[in-house]
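The structure is shown first, and the description follows.

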Amino acid sequence: MRRFQNRKALPGTLALLVALSGIIMCASGNLIAQSAPTEVAVPLPPMGWSSWNSFSNIVDSQIVMDQAKAMISSGMAKAGYQYVNIDEGWWIGDRDADGQFVVDPKAWPALATGERAGDMANIVRYIHGLGLKAGIYTDAGYAGCSMYPDLGPAYQHAGSEGHYEQDFLQFAKWGFDYVKVDWCGGDKEKLDPAVQYAEIARAIASAEAATGHTLYFSICEWGNNSPWTWAPNVGGVAADIWRTSGDIVAPIVPHHKFSGRLASFPGVLSNFDQGVHPEAEHTGFYNDPDMMVIGMPGLTDAQNRVHMSLWVISGAPLLVGADLTTLSATTLATLINPEALAIDQDSLGLQGVKVASYDDGLEVWSKALAKPGERAVLLLNRTGDAASIKVNWSDLGLVDASPATVKDVWSHKDLGSFNSSYSANVPSLDAVMVIVRGSERELTTYTPTAAGKPQSGADVQRDRPVSFTRVASHAQMARIRVAYTNPDKATRFAALRVNGRTATRIAFPSTGSNVGAIWVESLLDRTGAENELIFATICDPGPGIASIAVQ
Ligand code: GLA
């Protein structure tokens, strides 16, 4: 699961000033740090490849090695793709007398002298040898999805229930870096996903503690039970990403049954739409609209480009589902466009939101980027006709009166400087993606009110939550910077409840002795200055929340 670090150490004098202002805050109760807090780095969405879309349950060692090699030779690894993820089909449910996985030695042979066939550590060593990371897959139930075979035959027991501690320890011992946990068995047994995944999170945490090896934790229950409300920090330890929808495509494996299946553009749009939960995407937790189908049969080059635009504006995990050995030059260029990738991997870690829509299908989406005044903007035309779509600087939270420059992400062209808005012609079912660089509007800072009582010190949440009341309303999703202190090495957590809605759990990584800042997004939809944000400690001690600044 996630690990956090400080993005940058403050220079000595500034650090001292910030530390001093912290002392002032503790002493007087309602003064806040005057210096801008240091932004704290959060984990970025994962980038890599997954076997399911193109290899279904026929995945084996040779396929995985070929894909890993292609990730390097194509330049994808250099562009940032790193995970090579083995999905369903690597194990068909056999266990030995000790309950350990028994793996087909022919599908997973020895790859170097001294190795034993059927040992999954072999393929991990191979992947690591290329400088990449390795992912594996299981199910939360007794059965896994192989009870509903895609290419057949059916296997009934390929899940981890009853073996959580043992299986996740084995994954970590094999050296895997990433684990996706599916929900076919859990669904069949009508289990509660929040309960099962919490237990799995604890098993992962103890596997990590036993081996010193981190497992990135991907939850796959298809969004059926609103995982964005419980998956971040489930069970007191953090899940990293969670699926928000069903499968974007059923697997398409050349020369096998169903090889004529096609990926579909409406399917891409539908998964994108179901993945939009900006209040949950922050501090390293990500909505996962599924592996991408870019480069698979069924999509045109233009549709692949729109698909990539949708995933990056959403800050989604970028897991390629196509066969990397057969990518066209155009597909590859779409996947490794550095400006598109920079949008996805922006260090604020926030999700893009819809900031305007016109005429039932003409939409403006905006993702705030770390550099003040910068926005990634997607002009999306869902209609059957070409149309002009306009983005206003005011819709982006930028100063209306200041000119802003516009750069096209796909043509790499600087389009010039514009006053108050920019319009582009967008073909039917297509999109234009630009970077707008303007002037950030001032943030409004609020200090805690906590039922009218001033806060005093970093650990006040032990006794009562930290509240911000009378926060002004905003027409759209507001961006909120939370200034806090966490002198521990370990990440602290707090639940944020806005206007009485379901809380989201926020990670507060170490700030050392400085005041740090993380960002969240939320709808401040009560008119007047009637919005209320309450941070409650999840486990002692909580972060020392000093102030919020709303944009
Ligand atoms: C589910 C998941 C897919 C894939 C398959 C494997 O459908 O959603 O991503 O892992 O199972 O069977």
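By class, six nonpolar and six charged residues form the shell around the ligand, and no polar residue belongs to it. In this classification Ala, Val, Leu, Ile, Met, Phe, Trp, Tyr, Cys and Pro are nonpolar, Asp, Glu, Lys and Arg are charged, and the others, Gly among them, are polar. The model is a predicted one, in which local features require pLDDT of at least 70 and side-chain atom pairs count only at pLDDT 80 or more, whereas totals for chains, interfaces and linings use all residues. Residues are numbered from 1 along each chain as its sequence is written, and side-chain values use heavy atoms, with hydrogens and water left out.

**Ligand site**

The residues around the ligand are Trp52, Asp87, Glu88, Tyr137, Cys145, Lys180, Asp182, Cys220, Trp222, Arg243, Asp247 and Met291; a residue is counted if one of its heavy atoms lies within 4 Å of the molecule.

| Side chain (N or O atom) | Distance to a ligand oxygen atom |
|---|---|
| Asp87 | 2.6 Å |
| Glu88 | 2.3 Å |
| Arg243 | 3.2 Å |

The ligand taken alone exposes 300 Å², of which the protein buries 93%; these areas come from the Shrake-Rupley method with a 1.4 Å probe.

**Open sheet**

Four strands form an open sheet in the order β19-β24-β21-β22, with antiparallel pairing. Strands are DSSP runs of E with at least two residues, helices runs of H or I with at least four, both numbered from the N terminus; two strands pair if DSSP finds at least two bridges between them. Because β19 (466-471) and β22 (504-508) each have a single partner strand, they stand at the edges, and one side of each lacks a neighbour in the sheet. Neighbouring strands are turned against each other by 25 degrees on average, direction ignored, with axes fitted to C-alpha atoms and angles running from 0 to 180 degrees between N-to-C directions. Strand β21 (residues 492-498) is joined to β22 by five bridges, and the two run antiparallel. Ala495 stands opposite Arg505 in β22.

**Two buried residues**

Ser54 belongs to helix α2 (residues 52-55). Its relative accessibility is 6%, so Ser54 counts as buried, a class defined as under 20% relative accessible area (1.4 Å probe, protein chains only). A polar atom of the Ser54 side chain lies 2.7 Å from the backbone oxygen of Gly321.

Ala483, in strand β20 (residues 477-485), likewise counts as buried because its relative accessibility is 6%. The C-alpha atoms of Ala483 and Ile518 are separated by 6.9 Å, although the two residues are 35 residues apart along the chain.

Terms used: A polar contact is a pair of N or O atoms within 3.5 Å; within protein, one must be able to donate a hydrogen and the other to accept it, and residues adjacent in sequence count only if both atoms are side-chain atoms. Buried means under 20% relative accessible area, exposed over 50%, partly exposed in between (1.4 Å probe, protein chains only).
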